[in-house]
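Work through the exercises below with the coordinates open, and try each task before reading its solution.

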Amino acid sequence: MKRFLLILLLAVGISGCQQQKDQAYYLKHPAKLKTILHRCDAQASPDDFCQASYKMGLSLNTLIQSFMKNQQVFGQKILQAQMKRADLQRQLNQAKSSDDQVKIASLKEQVSQAQSQVEAYRAVVSMFMRF
């Protein structure tokens, strides 16, 4: 029984890490995301991965439309996201000296989210820079 529980926990942990990796991967490879979405459309009842893929596809589509509408404004959004990330990183570095673990954990999460936003913006720009 303990062995079964351990295997189950490992599988859940690995699948959670894999899904995060997939999100970054599919942002950089939108054609593969499109393939996944077509497979999900063929399913009678989409699973959690398909639901996350649909959400990611919608977010990516919104970013692409924003880029195409006004590239200069989109560039400004990238700069703002980078400045926000840098400011959060500075706050995190300062918090580390205070030994406030709750604040440190919160700032780490915020830095991670800000970095993900910057990477998403960059992924959209790189899609159009290939041409």
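The exercises that follow concern helix packing, a salt bridge and the span of a helix.

This is a predicted model, in which local features need pLDDT of at least 70, side-chain atom pairs count only at pLDDT 80 or more, and totals for chains, interfaces and linings use all residues. Residues are numbered from 1 along each chain as its sequence is written, and side-chain values use heavy atoms, with hydrogens and water left out.

**Exercise 1.** Determine how helix α4 and helix α5 pack.

Solution. Take α4 as residues 71-98 and α5 as residues 101-129; their axes (lines fitted to C-alpha atoms over the stretch in contact) lie 9 Å apart at an angle of about 160°. The pair is therefore roughly antiparallel, a term for angles over 145 degrees. As for class, the contact of α4 with α5 has 14 nonpolar, six polar and six charged residues.

**Exercise 2.** Find the salt bridge and describe its partners.

Solution. Searching the whole structure for a side-chain nitrogen of Lys or Arg within 4 Å of a carboxyl oxygen of Asp or Glu gives one salt bridge. R90 forms a salt bridge with D87, and the closest N and O atoms are 2.5 Å apart. Both residues lie in helix α4, three residues apart, about one turn of the helix.

**Exercise 3.** Check the span of helix α3.

Conventions:
Axes are lines fitted to C-alpha atoms, for helices over the stretch in contact, and angles run from 0 to 180 degrees between N-to-C directions. Helices (H or I, at least four residues) and strands (E, at least two) are DSSP runs, numbered from the N terminus. Angles under 35 degrees count as roughly parallel, over 145 as roughly antiparallel, 65 to 115 as roughly perpendicular and the rest as oblique. Ala, Val, Leu, Ile, Met, Phe, Trp, Tyr, Cys and Pro count as nonpolar, Asp, Glu, Lys and Arg as charged, and the others, Gly among them, as polar. The expected span of a helix is 1.5 Å times one less than its number of residues.
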